[in-house]
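Me: I would like to learn how to read the helices, their packing and the salt bridges of a protein model. Please take me through one example.

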Amino acid sequence: MNSPDKLPKHPDRGGPISRRQARRRAVEMMYEAAQRGADPVTLLADRVGSVEVDPIGDYTISLLEGVTARRSSIDELLAEHSQGWTLDRMPPVDLAVLRVGVYELLWADDVPDPVAIDEAVGLAKELSTDDSPRFVNGVLGRIGTIADRLRAVL
């Protein structure tokens, strides 16, 4: 386990990187990878260890690796539960937020379902359009109602 003085520090505040900041960083890196047509884990590998303004926390790495490893399952769920929307029509930021949200809902054992949804909605408020939080909440809410069944089969 990392000791508190060994955790990546937030450059503005000097404290450890919070999970909220780690989620945001994961979404930003997924968005950047999509814009570049690159693999998020490859982009991550290029960044880890480089001299960056913002260090990359362990939770950001876990999210990027987890979403990438389960992307086909996540995208199938999103396509099925995004009423009236295809993945291609979704704004790339919303898609990145939704992928992180689904990953946390189904595979992050230490994140309660309501927290995963609330954090995703918060990221949509910060990073996307005025309509995005409602959309993200609706999609993740539908998946959240069947999350226990999904976890049993995935």
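The dialogue below goes from the overall fold to helix packing and then to salt bridges.

Me: What should I know before reading this model?
Reply: The model is predicted: local features need pLDDT of at least 70 and side-chain atom pairs count only at pLDDT 80 or more, while totals for chains, interfaces and linings use all residues. Residues are numbered from 1 along each chain as its sequence is written, and side-chain values use heavy atoms, with hydrogens and water left out.

Me: How many helices and strands are there in the protein?
Reply: Helices (H or I, at least four residues) and strands (E, at least two) are DSSP runs, numbered from the N terminus. The protein has eight helices and zero strands, so its pattern along the sequence reads α-α-α-α-α-α-α-α.

Me: What share of the residues counts as buried?
Reply: Buried means under 20% relative accessible area, exposed over 50%, and partly exposed in between (1.4 Å probe, protein chains only). In this protein, 42% of the 154 residues count as buried.

Me: Which contacts join residues at least 24 apart in sequence, as a percentage?
Reply: Contact means heavy atoms within 4.5 Å. Among contacts between residues at least 6 apart in sequence, 68% join residues at least 24 apart.

Me: At what angle do H2 and H3 pack?
Reply: Axes are lines fitted to C-alpha atoms, for helices over the stretch in contact, and angles run from 0 to 180 degrees between N-to-C directions. Angles under 35 degrees count as roughly parallel, over 145 as roughly antiparallel, 65 to 115 as roughly perpendicular and the rest as oblique. Helix H2 (residues 40–47) packs against helix H3 (residues 58–69) at about 155°, with the axes 9 Å apart. H2 and H3 are therefore roughly antiparallel. On the H2 side the contact is made by Pro-40, Val-41 and Leu-44, and on the H3 side by Ile-61, Leu-64, Glu-65 and Thr-68. Ala, Val, Leu, Ile, Met, Phe, Trp, Tyr, Cys and Pro count as nonpolar, Asp, Glu, Lys and Arg as charged, and the others, Gly among them, as polar. The H2–H3 contact residues divide into five nonpolar, one polar and one charged.

Me: How do H4 and H5 cross?
Reply: The axes of helix H4 (residues 71–81) and H5 come within 10 Å and cross at roughly 105°. H4 and H5 are therefore roughly perpendicular. Their contact includes Ile-74 and Leu-78 of H4 and Leu-98 and Trp-107 of H5. Its residues divide into nine nonpolar, one polar and three charged.

Me: How many salt bridges does the rule give?
Reply: A salt bridge is a side-chain nitrogen of Lys or Arg within 4 Å of a carboxyl oxygen of Asp or Glu. The count comes to twelve. In one of them, the closest N and O atoms of Arg-23 and Glu-104 are 2.7 Å apart. Arg-23 lies in helix H1 (residues 19–36) and Glu-104 in helix H5 (residues 92–107), so the pair ties together parts 81 residues apart in sequence. Arg-23 and Glu-104 are buried.
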